[in-house]
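Subject: Structure handover

Hello,

The structure is placed below, followed by notes on what was found in it. Please read the notes with the coordinates open.

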Amino acid sequence: MTQLWDFSGGIHPAENKHQSTARPIRVAALPEHLILPLQQHIGEPATALVKVGDRVLKGEKVADVTNGLGVPVHAPTSGIIESIAQLPVPHPSGMTDWCITLRPDGEDQWVELQPFADYRSLERDQVLDMIRDAGIAGLGGAGFPTDIKLRPPRDRKVATLILNGAECEPYITADDMTMRERAEEVLAGFKVMAWLLRPERCVIGIEDNKPEAIAALRAATEGTQIELAVIPTKYPSGGEKQLIQILTGMEVPSGGIPADIGVMCQNIGTAVAMSQLIFEGKPLISRTITITGEAVREPGNFEALIGTPVQHLLEQASLQPDQVNRLVMGGPMMGYTLTTTAVPIVKTSNCVIAATASELPAPPPEQACIRCGMCAEACPMELLPQQLFWYSKATEFEKAEHLNLFDCIECGACSYVCPSSIPLVQYYRYAKGEIRVQRAEQLKADRARERFEARQERLEREQQEKELRRKERAKAAAEAQAKKKAEAEKAAAEGEAVDERSAKSALVQQALARKKAKTEAAATAKELAAAPAESAVEKPDLEALEKQLTQAQAKLETMQGMLEDAKAQQADNVDKLERAVAKNHDRVDRTQKALTEAREQLARNAETQTPD
Amino acid sequence: MAFAQQSSPHARRARSTSQVMLWVILAALPGLLAQTLFFGWGNLINVVWCIAVALASEAAILKLRNKPIAFFLKDNTAAVTGLLLGLSLPQFAPWWVSGIAVISAIVMAKQLYGGLGSNPFNPAMVGYALVLISFPVAMTTNWAEPALLWQGAPSFTDTLQAIASAQLTVVDGWTMATPLDEYKHKIGSLTAAEVTSHPSFGDGVARGWEWVNAAFLAGGLVLIGLRIITWHIPVSFLAGLGVMSLAFGSNADQYAPLSLHLLAGGTMLGAFFIATDPVSAATSHQGKLIYGAGIGVLIYLIRTWGSYPDAVAFSVLLMNFAVPFIDHYTPPRTYGHHKARRGAPGRNQG
């Protein structure tokens, strides 16, 4: 018997699972169109690899992610690409996104399939690449690419591999029916994962409200080292963090991932997809989905192609259109409402509930929080839901964050029990969203500031360089002038003929001398301005001086860095930079001296003042 | 077709605040029954009167505040406040004393702070403390003599007339000092045996009172069983009181014994129905334990060394003061964190 731990909180909502377990999994009929969103889950959207009008075979790659996190999308059947356009996708916001629409030709003609039943003879990396190529992403939660999940960092050895068969949400039975009917496949896929990760312990967690699935798995695990852990039914035991706590007694650190404590959870559907890839060579083109709710006459589970419109599946389950009041994608605790039945199912879709008005009635109006604390009793993360609610409502986000708002898994247990009918989770989502926006804006502001400072620095540097060049030119000109003068004197000594020219040159020289004097005066003024402490200020501004010194030192360092770079590249401005470095060196020395003087003066001031 | 748009969760448990409050009222009925059986009609009349005044004053204030009256009255919280006052006031408290208690509870302690959920102090106890300080004679001399309803207790009409009269006190033969009062004031000069020979003690711990307390205890256990309240506050309340009694008052010839502390006065009503008012209590488990224990200790201190025979109202109000402080330092440790994040943001990040 596997040792089990309990997680705090949790609720026991009406299960409503029996409605959809009465029938075996049915294969959904081929719909008229298949709509394949380019983004089906977490990560980057895929890029279409096909053009409108192309004929594709079943299992052919039609889109792939070239850059970043993601997996390819495959044609679920053979047919013609009809369009690549913005269409409604399953998303809480009811938004549209890019989708490939495929018109099936009815032939269901496969590409050539390459099973690798003897996967153990392959390199693990090869198998992982195959998994990515087959478009396998987690069929539970957020749809994280499975190949990446199965490649934990070297320092995060997975000691415990968990297969999550808890399926704690009411109504959903997709995993339950899969385990009942396809236990061998589940096990085969799980074994592939185990081979990839080489964990010390493999355990399947399953809630005790699924006796048939437990029996099927028990038979399938007979004689293997895979543990079957039957856990008490309590929502949300299938939450990754909760299941890990139940099966290992360990907690995933806040902000961390299960691999941080040597644990990994995989989904039942993902295991089946793995098995189909390895033993049949098939990419992920279909999944099991529960179609239930009182508005369908024949609720049950369907093996449906990815991209099948929800409308088509509801019809397969004998929808009574006039009965539907609320259409939920996912379970009644964490699912989201759909605005249209035109959306397709994607790799992460596990359930559609067509609920009548009496089945999922509109919540009564929100009453005042009476601080009864039932939410805190129900919270599986041991948060303080009512405090989070006040702070979220009062937009005191800092306090909400301090009370670990971001550890909330939005399981809905608090809202479920709230006697005042407060939509708590909605408040938390709002607060999280606002905080994320604020953070993004802060980041933007920081970047803008950095850019501005960099620009200021560059402008100053350019100004200095210009000054340097100008001085050089002036020096060269003066030298040339001196040479000319010498020549002129020589010429004058040689004869009177050049009188006129020499007079002119004298005038020019005078002008130059005036200009030089002016420049020097300006420089002195600038230095005075730059070092106000040197002027007769009673109380030297130590802070300003210190700041100046740091700035000067920083600039010197930059200059030296540039000089070294220039030297390394044998650039032609090496000597110029050398001079600049020397100049900055002087400046640093000067400022330092000024600072010391100022400090001394301050000390003197202090001395003269103490006797008073 | 337009589908209903709703944020998750879509399923909800069907237990509203109104129902929670209704359960509190139902669970208090055994206590009321015991009070009526052992002390006559006084409490029942008080309860009806107090609930009526509570609903009326709540409605009046809601109207002034332009709030939907029916929506808020239906939450049953005003009724609970009225009920608690009716249960805890002396049986022969004049109608206007209880009226003032209820009106100040609803108007001052609850609605002026923003209504349900916003009041820092237990409204019923604010009303109780106010009339106890303002009308000490009416509040200490009007306790009914323990007499079985069918045997010796004043009739319903007599009781009603006594309550309805403007007099501060009623016919002498109907009232009697409470056991806690009696013990407190006589134990200095008499032995325990002599004190308990007074008719208010009877054969058990405290005549009538022991049954009333037992009935409130039973009702409270029902509330815990229904998960309307948690065990933390009642248990720590009784533990605080019990530990203090055992530590300081083990000599019955000097101080009231533990049995009297537990079974006389408003102990069980306070522990299960008053201190557990969620709005003004601490929130986390740890906080509730501190809060409840604090009330228990304060009750002992005031009963033993203070000038009032009973002390539930003052103790609850004093600990209400401490709630924000307790809450600030007793957040639970969140899953995945090494320790709880105490205090304000920016400090003690854990």
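In which sense do β3(A) and strand β5 (residues 61–64) of chain A pair, and over how many bridges? They pair in the antiparallel sense, over two bridges. Strands here (E, at least two residues) and helices (H or I, at least four) are DSSP runs numbered from the N terminus, and two strands pair if DSSP finds at least two bridges between them.

Before the rest, some conventions. This is a predicted model, in which local features need pLDDT of at least 70 and side-chain atom pairs count only at pLDDT 80 or more, while totals for chains, interfaces and linings use all residues. Residues are numbered from 1 along each chain as its sequence is written, and chains are lettered from A and ligands numbered from 1 in the order in which they are written.

The sheet

The β3–β5 pairing belongs to an open sheet of three strands in chain A, in the order β3-β5-β6, with antiparallel pairing. β3 (47–48) and β6 (73–74) of chain A each have a single partner strand and stand at the edges, so one side of each has no neighbour in the sheet. The bridge partner of A:T47 in β5(A) is A:D64.

Chain A overall

Chain A has 16 helices and 17 strands. Its radius of gyration is 37 Å, well over the 25 Å that the globule rule gives for 612 residues, so chain A is more spread out than a compact globule. The radius is taken over C-alpha atoms, and the rule is 2.2 Å times the number of residues to the power 0.38. Along the principal axes, the C-alpha trace of chain A spans about 125 × 75 × 50 Å.

The domain assignment of chain A gives domain 1 (18–355) and domain 2 (539–612); such bounds come from an automatic or database assignment. The C-alpha centres of domain 1 and domain 2 of chain A lie 64 Å apart.

Of the 612 residues in chain A, 43% are buried. A residue is buried if 20 or more other C-beta atoms lie within 10 Å of its own, exposed if 12 or fewer, and partly exposed in between, with C-beta atoms placed from the backbone. Two residues are in contact if their C-beta atoms, placed in that way, lie within 7 Å. Among contacts in chain A between residues at least 6 apart in sequence, 71% join residues at least 24 apart.

Cores and buried elements

A nonpolar core is a set of buried Ala, Val, Leu, Ile, Met, Phe, Trp, Tyr and Cys residues joined through C-beta atoms within 7 Å. The largest has 242 residues, and those with the most contacts inside it are A:M193, A:L313, A:V352, A:A354 and B:M125. A second, separate core has five residues, among them A:L563 and A:L577. Beyond its neighbours within four places in sequence, A:L313 is in contact with residues including A:A28, A:I289, A:F302 and A:V352.

Strand β9 (residues 160–165) of chain A is mostly covered, with six of its six residues buried. A:T160, A:I162 and A:N164 point one way from β9(A), and A:L161, A:L163 and A:G165 point the other way. β9(A) pairs in the parallel sense with strand β10 (residues 201–207) of chain A over six bridges, where A:T160 stands opposite A:R201. β9(A) also pairs in the parallel sense with strand β12 (residues 263–267) of chain A, over five bridges; there A:L161 stands opposite A:M264.

Helix α3 (residues 174–181) of chain A has seven of its eight residues buried, so the helix is largely enclosed by the rest of the structure. The buried residues of α3(A) include A:D175, A:D176 and A:R180.

The contact between chains

The contact takes 33 residues from chain B and 54 residues from chain A. The side of chain B that touches chain A divides into 13 nonpolar, 14 polar and six charged residues. Here Ala, Val, Leu, Ile, Met, Phe, Trp, Tyr, Cys and Pro count as nonpolar, Asp, Glu, Lys and Arg as charged, and the others, Gly among them, as polar.

Backbone points to check

- A cis peptide bond joins A:Y235 and A:P236, with omega about -5°; A:P236 is in the loop between β11 (227–231) and α6 (240–248) of chain A.
- The peptide bond from B:S8 to B:P9 is cis, with omega near -5°; B:P9 is in the segment before α1 (17–39) of chain B.
- A:N16 has a positive phi of about 50° although it is not a glycine; with 22 C-beta neighbours inside 10 Å, A:N16 counts as buried.
- B:N66, also not a glycine, has a positive phi near 60°; with 7 C-beta neighbours inside 10 Å, B:N66 counts as exposed.

Regards
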